[in-house]
Amino acid sequence: MSGNSSSRLSGFDRRAFMACAAGSALVPMTARAGALDAPAPVAQDPALHVEITLRVNGQDKRLSLDPRTTVLDALREHLKLTGSKKGCDHGQCGACTVLIGERRVVSCLTLALAAEGQEITTIEGLATGDQLHPMQQAFIDNDAFQCGYCTPGQIMSAVACVKEGHASSDADIREYMSGNICRCAAYPNIVAAMKQAAPEITKG
Amino acid sequence: MNAAAPEPKANMGQPVPRYDAVAKVAGRATYGSDMPLDNPAYAFLVTSAIARGRINGFDLDDAKRVRGVIDIITHENAPDLKESKLFSNGGYAGTTIQPLKSADIAHDGEIVAVVIAESYEAAREAANRVKVSYTAATPSASFDSPGTTKAAAKGQNAQFKEDPQVGDFAKAFDEAEVKVDAAYETPTQHHNPMELFSTSCVWMGDDLVIYEPSQYVYGLKNGVAEQLGIDADKVRVVNPYVGGGFGSRGSMTPRTAIIAGIAKRLNRPIKLVPTRDQGFTIATYRAETRHAIKLGANRDGKLVALRHEGVEVSSRADPYCVGGTKTTTRLYACPNVDSLVSIVRADRNTPGFMRSPPEVPYMFALESAMDELAVKLDMDPIELRRVNDTTNEPIGGKPYTSRSLMGCFDEAAKAFGWSQRSAAPKSMSDGDWLIGYGCAATCYPTQMAPSAARVRLQRDGRTRVEIAGHEIGTGAYTVIAQTAAERLGVPLEQVAVFIGDSDLPPGPVAGGSNSTASTCSAVMMVCDQIRQRMFKAMMPRQSLTDKAKETVGIGRTPTMQAAKSDRTLDLERAFDALGVGVIEEYGEWKPEGAPPDSFKAMHSGHARLVGGAAMKDKIAYAFGAEFVEVRVNRFTHEIRAPRLVGAFAAGRIMNPRTARSQLMGGLIWGMSSALLEATEIDQRTARYVNDNLADYLVPVSADVPGVEVILLSEQDDHINPAGAKGLGELANVGTNAAICNAIYHATGQRIRKLPVRLENIEV
Ligand code: FES
Ligand code: FES
């Protein structure tokens with residue numbers, strides 16, 4: 001075997017490709033980029049930033065972003081909101097879970113442009129001042145984490161899971177929380193934490 | 001109290017919530033790639049598409065045209081880095097394969113280029129446009145590939161010191177009344193900690209700061225300095241929180257010095273966040289292993305002969321091995337023992353430590369074989385362990401410092417309901433589900449390493465503890481704070497702990513379950529130094545007897561165990577007597593039997609773990625027993641493990657809450673090592689195929705319905721001042737065997753190769 005073979009492209013599995021495809025379809029609709037200068041061999045020119053406003057934790061944030069920027073990277077690299085974590089960038093682990101409106105979404109597979117005009121809630125926006133959200137307190141009480149890296153995603157997912165009505169039994173919780181990987185395997189404690197917090201959340 | 005905070009038994013600390021709990025649930029815990037950088041450039045890796053061969057050249061035109069690209073580094077223009085020796089052979093590195101050094105390719109997924117750009121998006125785009133031309137040779141992927149070489153581990157890996165032997169195995173096996181002769185196999189596995197293998201490098205003049213998840217900041221600091229050819233005092237590694245380690249971050253990977261070198265050249269902070277799939281090849285992993293076990297026993301179950309041969313895969317470059325025979329040849333009483341560990345070299349990245357490195361594969365083989373023996377003897381597997389239980393290990397006859405193996409079996413059996421088991425295979429079922437019960441022993445060596453600590457006490461009782469330990473999820477902050485509070489007798493809320501920074505006093509590698517024993521022993525010693533200073537100032541004429549040292553506490557929290565002072569000290573008066581504003585003490589602790597160069601090695605980032613089977617006139621292990629219920633569907637062959645029960649004894653339990661969580665996670669890891677995890681290798685290309693979290697199966701919540709952890713009270717005064725044996729790696733040992741033993745019970749089919757998939761079941 002000799003000759004040319006391409007380098008090993010990173011992360012180009014089918015799922016990522018579909019995400020990219022969706023991304024390029026979105027860009028022309030929402031981007032407010034300037035006119036293309038000079039014939040560019042590269043289709044997506046990172047210099048062509050777009051101005052967008054993201055509403056994060058109740059505040060409007062003006063940003064100038066590469067149109068390929070995900071919500072996760074916008075939060076982490078541009079807004080210094082590093083609570084949301086990158087565990088795979090492929091929608092496979094849930095570490096990046098945030099709420100967009102009432103829905104839990106993996107922010108690594110959501111383009112920032114697609115989230116404009118919607119309410120984004122991150123782990124940093126869950127507490128009320130110094131008062132932890134009941135789910136945060138329940139995670140502490142039940143020791144529902146070890147390294148803590150998956151925890152912001154688990155908590156955001158857990159809050160949404162309860163509101164969806166998918167926390168009525170242990171089996172339900174386990175099934176509907178299985179998109180959030182915890183490599184430390186704190187799962188039984190996460191289930192216990194959700195059972196503690198669920199009544200408070202549903203009545204509040 | 002809820003299940004997460006078990007009531008402490010004798011010789012257990014309080015189950016206080018984690019020190020870092022609020023930071024972690026509020027998203028304020030800052031991991032390596034969370035650190036704010038001033039105007040960083042972003043790096044993206046390009047990795048090789050072949051496992052063996054040479055790079056002919058690069059076509060970078062397309063990549064360079066991506067707007068925002070700053071530089072593309074290949075072996076043709078890479079920073080000049082010095083080599084570092086393998087961690088197992090006295091160096092810092094997890095691999096001696098140094099990418100970007102030449103055109104040669106040693107394994108699939110080796111770093112061949114680094115793209116630096118103004119944004120992450122531009123760096124990724126350009127990396128995908130880098131074209132590499134190779135001349136590829138046929139690689140050897142694993143055990144059975146042509147072109148591999150095989151040799152004994154002893155003599156090539158400095159950490160593997162002996163192939164334990166005693167008596168006359170061949171004769172005893174020959175004459176044994178009952179025999180087991182079986183081969184077992186465990187797969188390649190990757191740690192996959194949730195935090196990616198990121199690194200950020202920031203230079204300030206000649207000083208380098210590295211933000212990177214590490215289980216050994218002193219090793220990384222010294223290793224990177226060595227590679228860059230600069231003074232180690234110029235390098236600082238900072239990581240107050242690590243998003244999981246499991247062994248993957250104990251030794252230095254090549255990425256760090258590469259990124260540091262590029263950052264220096266560009267005079268700009270660089271942030272690298274590799275992808276999940278790159279993590280499979282730019283760091284280490286658990287290599288596949290093969291085992292041949294021979295057991296000979298008398299009719300009454302007593303072992304008369306035991307032989308364990310292990311074969312492991314490593315890279316062409318490095319003689320890495322885990323060599324678990326030091327444990328498996330010593331667990332049970334047996335007068336005739338033989339063993340051999342060999343290494344097969346293939347075209348792979350170098351493997352490394354993964355949670356319970358030797359014991360997960362080696363105990364799978366032994367504890368499966370023990371179950372096979374129990375079946376042949378028609379004996380209850382618990383009773384077989386009891387018959388072969390021992391107070392002294394059989395190789396050198398050294399006594400175990402403490403050994404609660406059978407206590408663990410009895411407690412776990414009771415909680416599990418083992419007495420409900422009908423012994424015959426295929427005799428229990430529930431509708432379409434065949435039910436199997438299985439059990440196995442676990443053990444893990446008690447290890448310790450030299451550690452320093454600095455403790456500062458203020459007049460108002462506020463205390464600051466500094467130690468370059470690591471919070472990888474174990475509860476390091478918490479148990480260190482508890483130790484200082486108890487020893488000084490100050491309230492826990494007054495104690496601040498600083499770890500994860502190589503500018504702090506050196507701590508040990510967070511590996512081999514040594515951290516708690518080592519760091520807490522150091523903190524205890526330094527707290528005692530403070531107490532002695534105060535005692536001397538307050539009672540200058542008193543002789544400083546050991547009794548007094550023991551009993552003089554500061555007495556702010558009389559309920560605390562350590563404040564059993566018969567004379568409490570008034571803090572204000574002690575400070576007045578001393579005439580100082582704060583008391584600060586630094587100290588260096590080393591375990592019994594530590595080599596003479598221990599403290600020097602501690603500062604230069606060389607781990608010097610002692611303990612386990614390597615102690616002079618004793619042997620120290622933590623023990624446990626694990627029971628599982630499996631259910632195998634008669635028709636679909638789906639396998640579930642609805643119940644995992646483990647009982648463990650590990651000396652002093654510093655905090656039953658963090659201990660339980662770690663053991664619970666371990667049990668789930670153990671289940672996973674039997675039923676889920678395997679890195680699939682394409683034999684033609686020596687490439688990992690399922691290198692992502694959708695295809696590499698790790699447990700999710702739905703996989704673990706029921707886990708129960710039982711902590712046994714155990715006191716051991718012969719190991720270290722903290723009295724702790726360590727338990728991070730205890731619970732995921734033996735679980736894989738317990739699962740296969742349960743599958744045998746459910747189906748009558750013995751499975752000797754992991755992982756067990758439904759297609760392997762032939763009900
Ligand atoms: S980082 Fe988004 S799902 Fe893993
Ligand atoms: S707490 Fe470590 S990954 Fe969940």
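How many salt bridges does a search of the whole structure find over all chains? Here are my notes, starting with that one.

1. The count comes to 66 salt bridges over all chains, where a salt bridge is a side-chain nitrogen of Lys or Arg within 4 Å of a carboxyl oxygen of Asp or Glu. Bear in mind that this is a predicted model, where local features need pLDDT of at least 70, side-chain atom pairs count only at pLDDT 80 or more, and totals for chains, interfaces and linings use all residues. Residues are numbered from 1 along each chain as its sequence is written, chains are lettered from A and ligands numbered from 1 in the order in which they are written, and side-chain values use heavy atoms, with hydrogens and water left out.

2. One pair to look at is Arg52(B) with Asp347(B), whose side chains meet in a salt bridge at 3.9 Å, N to O. Arg52(B) sits in the loop between β1 (41-47) and β2 (53-59) of chain B and Asp347(B) in the loop between β15 (337-346) and α9 (359-377) of chain B, so the pair ties together parts 295 residues apart in sequence. Helices (H or I, at least four residues) and strands (E, at least two) are DSSP runs, numbered from the N terminus.

3. On to the interface: 68 residues of chain A are in contact with 89 residues of chain B (contact means heavy atoms within 4.5 Å). About 6,200 Å² is buried between chain A and chain B, with carbon and sulfur atoms giving 53% of that; buried area is the accessible area (1.4 Å probe) that two parts lose on being put together, summed over both. The rule finds six salt bridges across the interface of chain A and chain B. Lys271(B) and Glu77(A) also meet through their side chains in a salt bridge, 2.8 Å from N to O.

4. Now a helix pair: α5 (residues 217-228) and α6 (residues 254-266), both of chain B, pack at an angle of about 55° with their axes 9 Å apart. The contact involves Leu220(B), Val224(B), Gln227(B) and Leu228(B) of α5(B), and Thr256(B), Ala257(B), Ala260(B) and Gly261(B) of α6(B). Axes here are lines fitted to C-alpha atoms, for helices over the stretch in contact, and angles run from 0 to 180 degrees between N-to-C directions.

5. Two backbone spots deserve a look. A cis peptide bond joins Leu754(B) and Pro755(B), with omega about -10°, and Pro755(B) is in the segment after α18 (735-747) of chain B. Asn57(A) is not a glycine, yet has a positive phi of about 50°; Asn57(A) lies in the loop between β2 (50-56) and β3 (59-65) of chain A.
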